[in-house]
Amino acid sequence: MSAVSGTSTTDALAGSLEELPMVNSFAGLPPAFYTRLQPQGLNAPRLLHANEAAAALIGLAPEVLYTPAFLEVFSGRAPLPGGDTLAAVYSGHQFGIWAGQLGDGRAHLLGEVDGPSGAWELQLKGAGMTPYSRMGDGRAVLRSSVREYLASEAMHGLGIPTTRALALVVSDDPVMRETVETAAIVTRMSPSFVRFGSFEHWAARRQPDMLQTLADYVIDRFYPECRDSGPGEPDNVHAPLVRLLQAVTARTAKLMAHWQCVGFCHGVMNTDNMSILGLTLDYGPYGFMDGFRLDHVCNHSDTEGRYAWNRQPSVALWNLYRLGSSLNTIVQNADALTAVLDGYEATFTEAFHAGMAAKLGIGVWRTGDESLLDDLLKLMHEQRADFTLAFRRLSDAVRGNPQPFKDLFIDRDAAGAWLERLSVRQALDPRDPEDRAAGMDAVNPVYVLRNHLAELAIRAAKDGDPSVIDELLQVLRDPYTERPGYAKYAALPPDWASDLEVSCSS
């Protein structure tokens, strides 16, 4: 069976699931935070793909991934040894509207492993109905599972904070979406799956004691520094909550800068899809842009464009205000919380400018660079230049060959004129051209998970063929290094790719 290589078996790796050290910290919260229940396993499951790199994070030897015991657990047919299986409750705003109680409608947290790189929760997505399923069937289909499996690893390769993926299990069980599809389960890994909506849930229910319990858990486990007051900072019972909001705000702002710099669109930035750890969470109708549009909407279900690319940073701040409002039910000091949220824009802007300065090869961001970047984005928008290739080919121009960049534009003269402006600005940076070009290549990926590439992997997976997933992961794990023989993964999308649509069912 295919797998992502790159790890080796050592004495430090667990040789069976029974040897994994379990901690199950979330299960130690009061019972109101979740429902304990077992998954509804797939019939005649098959392991389509396993991720040895992710397995190493929890200290699991590669050969364990291909055992019958592994398949039984991660197809939902047997419990994780030492785990404490549950589905978590939370609430949230969906497309800006309060949706009330939500929760893990098709996810089961199997347990938490104390791995060599820290603790990781293992969660099955698509393992059957829970009390929070509402009108859903609790299942995931093959196409969405392949997309999530690939996306989290692609984002990790780009250096963007994200959940990870351990395994992809498939079955011939029928699942009704727009048409009848087949079922699959993807195993997700994260230090925590707590969301903004987890806090909103207790605030909406007017249960400050439970909200405080959740906040204490998150602070003690993931943000212990929030217990410490700095010079001149207030030190009272509510100060750690203000510092928690400050830490989450900073992480979220930097995450948005990461997304914007690689042309990534999440598609469903609801508050229940926002990680309290600043991770990219819940891959549904996501997309990496091909032809650039400032207002690109990747989610076919988002008819009003709420989650367009250029609106993602402001939506993240709106979501942070919902988190701050929830904490305000305890803190009761709106000014302190607002002051924290007021720092979001500066943190995002600094991170975004630093990222774009590196992509443009201009060194440290300077006053006036805004117009240089804005004019490039405007030119790309007007002529639908490919986002990833436009930035990648800038290093060709630095090396003395501007034609590959110009060829992405209908108006090559306009592209050339902008390149001249960039060259003047780059001259203020002391690096020699080759160092500058190498630095640009280190932050401008040549490979991203374009929709048509994911579609090719899905089509092969439907035939039981994991080879496309294998090849994609090889390049996506190191997306900044061009590989001989993999040109098709760095090419412009084919014409048929324009017909691809992803929606909330994806």
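Where is the place of Asp282 in this structure? Asp282 lies in the loop between β12 and β13, where helices (H or I, at least four residues) and strands (E, at least two) are DSSP runs numbered from the N terminus. The model is predicted, so local features need pLDDT of at least 70 and side-chain atom pairs count only at pLDDT 80 or more, while totals for chains, interfaces and linings use all residues. Residues are numbered from 1 along each chain as its sequence is written, and side-chain values use heavy atoms, with hydrogens and water left out.

**The annotated positions**

- An unreviewed UniProt entry places the feature "binding site" at Asn273 and Asp282; UniProt positions are given in the numbering used here, feature names are shortened, and annotations may be inferred rather than shown by experiment.
- From this set, Asn273 belongs to the lining of the second largest cavity. On a 1 Å grid over the protein atoms alone, a cavity is a set of points where a 1.4 Å probe fits but cannot get out, and lining residues have an atom within 4 Å of a point.
- Asn273 is found in the loop between β12 (264-265) and β13 (287-288).

- Asn273 counts as buried because its relative accessibility is 11%; buried means under 20% relative accessible area, exposed over 50%, and partly exposed in between (1.4 Å probe, protein chains only).
- Asp282 is also buried, with a relative accessible area of 12%.
- Not counting residues up to four places away in sequence, Asn273 touches Arg195, His266, Val268, Leu281 and Asp282, contact being heavy atoms within 4.5 Å.
- The side chains of Asp282 and Arg195 are joined by a polar contact of 2.6 Å. Such a contact is a pair of N or O atoms within 3.5 Å; within protein, one must be able to donate a hydrogen and the other to accept it, and residues adjacent in sequence count only if both atoms are side-chain atoms.
- The side chain of Asn273 reaches the backbone oxygen of Val268 at 2.9 Å.

**Helix α6**

- Of the 24 residues of α6, 19 are buried, so this helix is largely enclosed by the rest of the structure.
- After α6 comes Gly263, whose phi is positive, near 70°.

**Helix α15**

- In α15 (residues 433-441), the residues Arg436, Ala437, Met440 and Asp441 are buried.
- Seen down the axis of α15, its buried residues fall within an arc of 135°, so they line one face of the helix; the arc is that of the directions from the helix axis to the C-beta atoms.
- The elements covering these buried residues include α9 (344-360) and α14 (412-426).

Key: On a 1 Å grid over the protein atoms alone, a cavity is a set of points where a 1.4 Å probe fits but cannot get out, and a pocket is an open set with protein on both sides within 12 Å along at least five of seven lines; lining residues have an atom within 4 Å of a point.
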